[in-house]
Each structure stands twice: as structure tokens, then as C-alpha cells.
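Here's a quick briefing to read alongside the model. Keep the sequence and the 3D view open as you go.

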Amino acid sequence: MPDALALCPASALAERGSAFVWDVHVYRQPARAFALRFDGRVVAYVNRCVHVPTELDWQPGEFLDADRRWILCSIHGAAYEPADGRCVGGPCGRGRLMTILTEERDGQVYWYPSRDVQPVPPGAPPPERFP
């Protein structure tokens, strides 16, 4: 397993609050990812809807619906279970968000790159923000 990379202080993620968003490369292409705290656990996903490859957040860092229960795509309303990224309603079918492994220790949140999701190389341009 690759080494863990520091993401943010654990205190930056309030329960069912705003997410921490950062740049990554997915399949060597620029993208964004997000981490949020849900039911006491930090979860992280690539910021890309399964239905249409667009970013999910309706405002920067805001991914949850009004009741703070589901991750909701701002474009077509696809709803995802925050605990595991599974589609629970809307046009995402039986899809699932791309998970990023995280760990919380010593007051810090870390993420683990994978074969498919890598840190942005130094000097690489940031990803374009999709509507």
C-alpha cells in the first residue's frame, strides 16, 4: 500500500458539515476529490457523478442534501449513501462513487493514493471546474 498523504486537520471536518476538497489525478487526468465526516467517520470520494461525469457539489465543499442525509449531485439529483458511495436514488442506477481510502489519527486526516487515484504531480495545472 502506498504511503498515506496528509489531507487536513481532523477538526476541519464537522459531522455532516462542509467537505474538504482537493485536487487529484484520476486515471492520470486532473480531477477533484472530497472528504467529509459522516456518522463519526471520515469518508472520501472522487468528485464525479456516476450518471454524468460532472462535479457533485452545489457550492464549493457542499455535497449533502438539505437534511444532511445524502450526497446529492447538483446537476440531476442523483443521491448517494455517504457511508459507502452507493447510489440510492435518481439517474445513477446501481453505480457507486469512486472511494478514496482515508485514515484519521493524531488529529490529522490522511488519504491513500491508489492505482487509479494519485496525487497531483508538482507543477500540474488544476482541474477545470465543471458545471
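Strand 9 (residues 102-105) and strand 10 run antiparallel, with four bridges joining them. Strands here are DSSP runs (E, at least two residues), numbered from the N terminus, and two strands pair if DSSP finds at least two bridges between them. Bear in mind that this is a predicted model, where local features need pLDDT of at least 70 and side-chain atom pairs count only at pLDDT 80 or more, while totals for chains, interfaces and linings use all residues. Residues are numbered from 1 along each chain as its sequence is written, and side-chain values use heavy atoms, with hydrogens and water left out.

**Around strand 10**

- "Buried" means under 20% relative accessible area, with exposed over 50% and partly exposed in between (1.4 Å probe, protein chains only).

**The cysteines**

- How many disulfides does a search of the whole structure find? There's one, and a disulfide is a pair of cysteine sulfur atoms within 2.5 Å.
- That link joins Cys 87 to Cys 92, with the sulfurs 1.9 Å apart.
- It is right-handed, with 75° about the S-S bond.
- Cys 87 is buried at 10% relative accessible area, and Cys 92 is buried at 5%.
- Cys 49, on the other hand, is in no disulfide; the nearest cysteine sulfur belongs to Cys 73 and is 3.8 Å away.
- Cys 49 is buried as well, with a relative accessible area of 4%.

**Asp 65**

- Look for Asp 65 in the loop between strand 4 (41-46) and strand 5 (71-72).
- Asp 65 is buried yet has no salt bridge, and the nearest side chain of opposite charge, Arg 68, sits 6.6 Å away.
- A salt bridge needs a side-chain nitrogen of Lys or Arg within 4 Å of a carboxyl oxygen of Asp or Glu.
- For charge, Lys and Arg count as positive and Asp and Glu as negative, while His and the chain ends are not counted.
- Leaving aside neighbours within four places in sequence, Asp 65 is in contact (heavy atoms within 4.5 Å) with Trp 70 and Leu 72.
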